Amino acid sequence: MDKLPEIKFIYSESYCRVLYQATATETEKVSLTFEAVINYTIKFGKKLENLFLEHKKEILNIIQRISGFAWNEYADPYIFIYPVYPLRQLQSFSHPLTIKVREDSVLALGILIHELAHNNMNVPFSDSRLQEQIMSTIALIVLEELSLDPKNTRAFFEAVFQERFDKKFFPLKELKTKTVRNLVVLTDKDNNVCLIRKNGSDIL
């Protein structure tokens, strides 16, 4: 596989403030000082960063092995990770890579791996539900290969999947033996990525 991206954690007080002002509930604004938000973000952001750096090369290599997409195909060569406070109405997202820190560092790492998988396959998908299922499956496989307990991460993915799509989440067994690229037709008429089984039927 090709060169891995450069990754750096960025602790930005101004970025945290923007997200805090935009997404904090009135209850959170009353109960949380911004100083407490920053202190929590740095404390648990550093725990996540240390855990990630311990396994960085393995994580990035496993992601591209499962996806079948080398990092230099679609991903930016530099990925900046912005740890933020886990406000109730705020979600982690991949661009810019913004990750809610948590006391459970393995759960936070699982979510970070999910978002990194989005960066690795930075192409349009024809089905957002299938896309999320793929990224979550990759995250769970990576945690298992690192011998980190994926239980809480899987429970988190199941809850989010149910809330967002009103469907039960299940990991894609195909990705234990095949890459995403093995299951992919790169573009359809609208230039989306379409994922199919070899017999031509949808995975979902």
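**Values and definitions**

Analyst: Pro171 is partly exposed, with a relative accessible area of 24%. Buried means under 20%, exposed over 50%, and partly exposed in between, with a 1.4 Å probe and protein chains only. Pro171 is in the loop between helix 7 and strand 5. Helices are DSSP runs of H or I with at least four residues, strands are runs of E with at least two, and both are numbered from the N terminus.

User: What kind of model is this, and what is counted in it?

Analyst: This is a predicted model, in which local features need pLDDT of at least 70, side-chain atom pairs count only at pLDDT 80 or more, and totals for chains, interfaces and linings use all residues. Residues are numbered from 1 along each chain as its sequence is written, and side-chain values use heavy atoms, with hydrogens and water left out.

User: Why is Thr179 called buried?

Analyst: Thr179 has a relative accessible area of 19%. Buried means under 20%, so Thr179 counts as buried. Thr179 is also in the loop between helix 7 (151–165) and strand 5 (184–185).

User: Which residues does Thr179 touch, leaving out those up to four places away in sequence?

Analyst: Thr179 touches Arg65, Ile66, Ser67 and Gly68. Contact means heavy atoms within 4.5 Å. With neighbours within four places likewise left aside, Pro171 is in contact with Thr137, Leu140 and Arg154. Pro171 and Arg154 are 17 residues apart in sequence and 9.0 Å apart in space, C-alpha to C-alpha.

User: What makes helix 3 oblique to helix 5?

Analyst: Helix 3 (residues 34–67) and helix 5 (residues 105–120) pack at an angle of about 40 degrees, with their axes 10 Å apart. Axes are lines fitted to C-alpha atoms, for helices over the stretch in contact, and angles run from 0 to 180 degrees between N-to-C directions. Angles under 35 degrees count as roughly parallel, over 145 as roughly antiparallel, 65 to 115 as roughly perpendicular and the rest as oblique. The angle of about 40 degrees therefore makes helix 3 oblique to helix 5.

User: What are the residues in the contact of helix 3 with helix 5 like?

Analyst: They divide into 13 nonpolar, four polar and one charged. Here Ala, Val, Leu, Ile, Met, Phe, Trp, Tyr, Cys and Pro count as nonpolar, Asp, Glu, Lys and Arg as charged, and the others, Gly among them, as polar.

User: How do you know whether Ser147 and Asp166 are buried or exposed?

Analyst: Ser147 has a relative accessible area of 68%, so Ser147 is exposed. Asp166, at 59% relative accessibility, counts as exposed too. Ser147 is in the loop between helix 6 and helix 7, and Asp166 lies in the loop between helix 7 and strand 5.

User: What is the phi of Ser147, and of Asp166?

Analyst: Phi of Ser147 is near 60 degrees, and Asp166 has a positive phi of about 55 degrees although it is not a glycine. Most residues other than glycine have a negative phi.
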